[in-house]
Amino acid sequence: MAMLYQAVYRRASFLWCRLHSTYVRKMRYLFELKEDDGLCRQAQNSGTFYLFHNLFPFLQKVGSKHLAPQISASELKRILKKFKQNKQKLEDSVLIGCSDECMAYFALDLGSLEKMDIESELKGSFTELWKAFFQLDGKDASLLSLAQALLRWHDTHKYCSKTGQPTQKNLAGSKRVCHTNGIIYYPQMSPVVITLVSDGSRCLLARQASFPQGMYSALAGFCDVGETLEETVRREVAEEVGLEVKSMWYSASQHWPFPNSSLMIACHATVWPQQNEIRVNKLELEAATWFSLEEVVEALRREPRPLKQEDGRFSLWLPPKWAIAHQLIQEWVKQQSNMPA
């Protein structure tokens, strides 16, 4: 009876979705895959896969571009068979989306296999995600960001925090269950504010020691428990650069996989022009500097890579185009360019 109900439900859902937009159809389909392991297993056998090796995504260079190839289920089964892996390994994958035609996308980590063998077989390389972000377009980068976050979460949540017993993921990877006590665990994100500070004519950009040489970005920090968004912005700006926020406003948000899985909440903030002396917190940042409109515009025109100048310093370069920090900087440039002289 239950199987009959599921079949009727899927048929009714399919007919309902045909009458609605592509987006609605996709969201309903993804919901069903997360709730129905049988349906998800079918999707795995006809879908495509993004591959990882110990959380490094697989990329191929095609001409001057880098792409994150989608490997078909049949091709992946061939590869697994060649390297003496059971095709059941497909069930270790996680669902990360689908096409407009409802072809499911999955991500699978092949960290148990020899990296060089897979790279040779597929004629590509596994690349650190941060470096991949500067080589890919927004669509691929966004999917790889989601994929790595989910794969990492499953790798670090294999046991129940209450019972210590193993947890089991559903086929789509949208949750894990402790069957000892029925607790369900869902992937979580940590809220982070990323703030572009301005004093009216300049914007403040900062860098951490881990950044590539010459790269600067907006200020960012995790929200503390009990804080509002506004309180986090004010505190982070005060902590990191010793400035007091005069006003702030929200811009947009973006998933960001670093350090684990973050929800970047992007804001603009202004400080008083008469109180703009930067006092860098060296425990948080390596450096922070005011940049003029001309300097920022010039950096936007350059390729995002280290460029050493004659005096030994590196030219300013900015986060990748699809990153929300880049969007904040572009918004500030547009605002400044539209201001009356």
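# Exercises on a predicted model

E75 has its place in helix α4, which spans residues 73-82. The model is predicted.

## Exercise 1

Task: Decide whether E75 is buried, partly exposed or exposed, and state how far E75 lies from E303 in sequence and in space.

Solution. 
- Step 1. The relative accessibility of E75 is 27%.
- Step 2. Buried requires under 20% and exposed requires over 50%, with partly exposed in between.
- Step 3. E75 therefore counts as partly exposed.
- Step 4. Between E75 and E303 there are 228 residues of separation in sequence and 36 Å in space, taken C-alpha to C-alpha.

## Exercise 2

Task: Describe the packing of helix α2 against helix α3, and classify the residues of the contact.

Solution. 
- Step 1. Two packed helices are described by the angle between their axes and the distance between the axes.
- Step 2. For α2 (residues 22-35) and α3 (residues 37-44), the angle is about 110° and the axes are 6 Å apart.
- Step 3. Angles of 65 to 115 degrees count as roughly perpendicular, so α2 is roughly perpendicular to α3.
- Step 4. The contact brings Y29, E32, L33 and E35 of α2 to D37, L39, C40 and A43 of α3.
- Step 5. By class, the residues of this contact are five nonpolar, three charged and no polar.

## Exercise 3

Task: Characterise the interface between domain 1 and domain 2.

Solution. 
- Step 1. The domain assignment gives domain 1 as 22-157 and domain 2 as 190-338.
- Step 2. Taken over C-alpha atoms, the centres of the two domains are separated by 32 Å.
- Step 3. Domain 1 contributes twelve residues to the contact and domain 2 contributes 15 residues.
- Step 4. The size of an interface is often given as the accessible area lost when the parts come together.
- Step 5. Here the buried area is about 1,100 Å², and carbon and sulfur atoms give 76% of that area.
- Step 6. On the domain 1 side, W130, F133 and F134 supply 53% of the area buried against domain 2, more than any other three residues.

## Exercise 4

Solution. 
- Step 1. Most residues other than glycine have a negative phi.
- Step 2. K123 has a relative accessible area of 68%, so K123 is exposed.

Conventions:
Residues are numbered from 1 along each chain as its sequence is written. This is a predicted model: local features need pLDDT of at least 70, side-chain atom pairs count only at pLDDT 80 or more; totals for chains, interfaces and linings use all residues. Side-chain values use heavy atoms; hydrogens and water are left out. Axes are lines fitted to C-alpha atoms, for helices over the stretch in contact, and angles run from 0 to 180 degrees between N-to-C directions. Helices (H or I, at least four residues) and strands (E, at least two) are DSSP runs, numbered from the N terminus. Angles under 35 degrees count as roughly parallel, over 145 as roughly antiparallel, 65 to 115 as roughly perpendicular and the rest as oblique. Contact means heavy atoms within 4.5 Å. Ala, Val, Leu, Ile, Met, Phe, Trp, Tyr, Cys and Pro count as nonpolar, Asp, Glu, Lys and Arg as charged, and the others, Gly among them, as polar. Buried means under 20% relative accessible area, exposed over 50%, partly exposed in between (1.4 Å probe, protein chains only). Domain bounds come from an automatic or database domain assignment. Buried area is the accessible area (1.4 Å probe) that two parts lose on being put together, summed over both.
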